[in-house]
Amino acid sequence: MSRPAGDLQPTPGQTVGPFFGYALPYDGSSDLVPPTHPDAVRFHGRVLDGAGDPVPDALLEIWQAGPDGAVPRAAGSLHRDGFTFTGWGRASTDGTGHYSFATLAPGPTAPGSAPYLAVTVFARGLLNRLFTRAYLPGDDAALVADPLLASLDPERRATLVAAADDRGFVFDIRLQGDGETVFLAHG
Amino acid sequence: MTDILDEAPTAPASSDAAASTQAEVSAEMAAISREYADTGATETQPRLDYPPYRSSVLRHPTKDPHHADPEGIELWAPVFGHQDVDRLEADLTIQHRGEPVGERMIVTGRVLDGEGRPVRHQLVEIWQANAGGRYIHKRDQHPAAIDPNFTGVGRCLTDGDGTYSFTTIKPGPYPWKNHRNAWRPAHIHFSVFGPAFTQRMITQMYFPSDPLFALDPIYQSITDPAARDRLVATYDHDVTSHEWATGYRWDIVLTGSHRTPLESDTEGDDA
């Protein structure tokens, strides 16, 4: 039973289930910066299922570089003192399947690279987490040169690029079917 | 973790109508299990496409995941510290005025990366039902008693050896709507981070010899029996505490990291 000594096979994931709402989100979890921060952008969108219906019980996490492209190494994501940019946040979807973060636009982590947010998706009905990337629009040369985007056909590539709106960026996630988001395996 | 009763999310999707019997769901699970045994392959993770878990039908991707070499931000993980997590949050039995009902238990273990290195000073979060199988959550309508002395949410940071430890109450099994007379085996939800964001995972820890294992499509979505066993804690009398609490041990192994570890990942500092 359980794990014999020396067994380093990975522990399997399981669904987040329906009852995470009182446990995982916390005050300020989706505000990487206060929405009133002068450089705050809104990163938001909807999570949709294979019928195109909203998923009202999903949980998203984002992890990103700062505007200078540096990887944040400061603690404080749960504490949220309002001044420390930790690069990580968590948001659950609402009754319309919509999620929303207040954050700063990440910069390129290497010269000429395309900035993106790393996104993790959890949901009731989703038996293991999904990883994806939300690339920011704007630097077309960097997007064209990105190795991951270049390895996808144009229709699939488009699922990984957020759209600009008046306050920030929109990134919808389709778990299944037409326009299914590209999810990633890091092997 | 305050105002828990006001933090419930919205109404569920309606995909889990209780239309099938346990016998029908068990037959579906047995067929998948036979087909898996015939392949001779080894799977270590749950299937995303597992129809016996009805809610997965419209929520699993149909395309294989696309390979990506982790880069930049993905090679790192957020940092959590003692400004984020109070040490008292690891004891789920002291969050209210009185003692919660049920079997007090300690659950402890280590978080390791795929090479066996301890995952140090990293966040572990748990949530669970109370001893009667009831969650403090608006959407849980199971008519078992709410325990006013038990919320069922805890957090801790692993120590310099990758060890986490929680004091809690053994959760009860509870019914759900996947099919008629569906019951989940008792479990504790675990959320863990590694040194790289690609190691992020959420899972469930189970208890030894639960008679509901064979009937549960969430547990059985891990088609490999040895892989399923890795979610089952071990009763450990050395963890059990004299005249206080029973003890369980459960280690978590994350997938391999792609980043060369830094000294700060493996050497001791303040814990």
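Six salt bridges (a side-chain nitrogen of Lys or Arg within 4 Å of a carboxyl oxygen of Asp or Glu) are found across the interface of chain A and chain B in this predicted model. One of them joins Glu71(B) to Arg133(A), with 4.0 Å between the closest N and O atoms.

On the side of chain A that touches chain B, at least two residues each come from strands E2 (58-63), E3 (88-92), E5 (116-123), E6 (130-135) and E10 (184-185). Strands are DSSP runs of at least two residues, numbered from the N terminus. E5(A) gives the largest share, five residues. E10(A) pairs with strand E1 (residues 66-67) of chain B in the parallel sense over two bridges, pairing being called when DSSP finds at least two bridges. Within this pairing, Ala185(A) stands opposite His67(B).

In total, 75 residues of chain A and 93 residues of chain B take part in the contact (heavy atoms within 4.5 Å). The buried area, the accessible area (1.4 Å probe) lost on putting the two parts together and summed over both, is about 7,500 Å², with 58% from carbon and sulfur atoms. Gln14(A), Phe19(A) and Tyr22(A) supply 12% of what chain A buries against chain B, more than any other three residues.

Local features need pLDDT of at least 70 and side-chain atom pairs pLDDT 80 or more, while totals for chains, interfaces and linings use all residues. Residues are numbered from 1 along each chain as its sequence is written, chains are lettered from A and ligands numbered from 1 in the order written, and side-chain values use heavy atoms, without hydrogens and water.

Note on methods. Helix = DSSP H or I, 4+ residues; strand = E, 2+ residues; numbered from the N terminus.
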